[in-house]
Amino acid sequence: YPMKKFLLASVAVAALATGAQAADLGSPRAPIAAAVMAPAFSWTGFYLGAHVGYGWAQARYTDFTATFGPGSINANGFFGGIQGGYNWQMNNFVFGIEADVAAGALNRTFALGGGDTYRASVPFLSTVRARAGFAADRALFYVTGGLGIATFQDRVFDSSVPATFTASSTRAGYALGAGVEYAFTPNWTAKVEYMYYGFGDRRNVFTANDRVRTDIHTVKLGINYLFSTGPSAVVARY
């Protein structure tokens, strides 16, 4: 009997231990689902678009021969054109290149004194620029800079002759700016952009050693179509 009681006691302890372990395990755990983040917009790809804007072209005329009086004029007006380029996105940073051309009506006539007048106009603007920016999903904040090109048309009326002298030239300079662009659909974006154009001095325009310096400021609104597949999902698994 002692041996039989010992065996029964051992079986009871083993049964209690097994039950305790089963209670510790609890109900079976369900597989953990992969955590999926919201799709992130991709700026990578080619794009084409159009823009309209308003510009201020400040022209300052100086004549060292004193044939014509000096003067300064702001040739303001609207312009419109097209643009195209390519973006490449790495994480939140976006790099690219863009080119644009625009026709405008930036012009103004200024009285030089003594009956003489000076008219300045900028009928053509163009740039080829690099862009670098930071993307916050569908919003892109960027700076830009590169080559600026403009056509200048100048006209002076000399009341003493009387006669009108005209000059036209296309000049290369530089363009610097900044803007923000927002993607309101997977392929369509809209932007607002400020640009400064610097062209230095143009000499010998009407008389020997005269000088015209024109600086241009523009603000434009644009729309682009991005040739890409739209958002690419970012999936994080744990």
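**Basis of the description**

Strands, as the term is used here, are DSSP runs of E at least two residues long, numbered from the N terminus. The structure is a predicted model.

**Overall architecture**

Of the 238 residues in the protein, 36% are buried.

Among contacts with a separation of 6 or more, 68% join residues 24 or more positions apart. The accessible surface amounts to about 13,300 Å², and carbon and sulfur atoms account for 66% of that area.

**Glu181, a buried acidic residue**

Glu181 is located in strand E6, which covers residues 163–183. Because its relative accessible area is 2%, below the 20% limit, Glu181 is classed as buried. Its side chain makes a polar contact with the side chain of Asn224, at 3.1 Å.

When residues up to four places away in sequence are not counted, Glu181 touches Trp43, Arg131, Arg138, Ala139, Leu140, Tyr142, Thr189, Ala190, Lys191 and Asn224.

In soluble globular proteins, nonpolar side chains tend to be buried together. The largest nonpolar core of this model has 14 residues, and the members that touch the most others are Val122, Ala150, Tyr197 and Ile216. At least two residues of this core come from each of strands E2 (71–90), E3 (93–113), E4 (116–136), E5 (139–158) and E7. Strand E7 gives the most, with three residues.

With neighbours within four places in sequence left aside, Ile216 is in contact with Trp56, Ala57, Leu106, Val122, Leu125, Ala150, Phe152, Met195, Tyr196, Tyr197 and Phe199. Another core, of nine residues, lies apart from the largest one; among its members are Phe41, Trp43, Val94 and Tyr142.

**Nonpolar surface patch**

Nonpolar side chains also occur on the surface, where Val52, Trp56, Val192, Tyr194, Val219 and Leu221 form a patch. Together these residues have about 520 Å² of accessible area. Strands E1 (45–62), E7 (188–203) and E8 (211–227) each contribute at least two residues to the nonpolar patch.

Val219 belongs to strand E8. Its relative accessibility is 36%, which lies between the limits of 20% and 50%, and Val219 therefore counts as partly exposed.

Terms used. Residues numbered from 1 in each chain as written. Predicted model: local features only at pLDDT ≥ 70, side-chain atom pairs only at ≥ 80, totals over all residues. Heavy atoms only, no water. Patch = residues over 30% accessible without salt bridge, like charges linked within 9 Å, V, L, I, M, F, W, Y side chains within 5 Å. Areas by Shrake-Rupley, 256 points an atom, 1.4 Å probe, with all protein chains shown as cover. Salt bridge = Lys/Arg side-chain N within 4 Å of Asp/Glu carboxyl O. Helix = DSSP H or I, 4+ residues; strand = E, 2+ residues; numbered from the N terminus. Buried < 20%, exposed > 50% of the residue type's maximum accessible area, 1.4 Å probe, protein only. Core = buried A, V, L, I, M, F, W, Y, C linked by side-chain atoms within 4.5 Å. Contact = heavy atoms within 4.5 Å. Polar contact = N/O pair within 3.5 Å; in protein donor to acceptor, adjacent residues only side chain to side chain.
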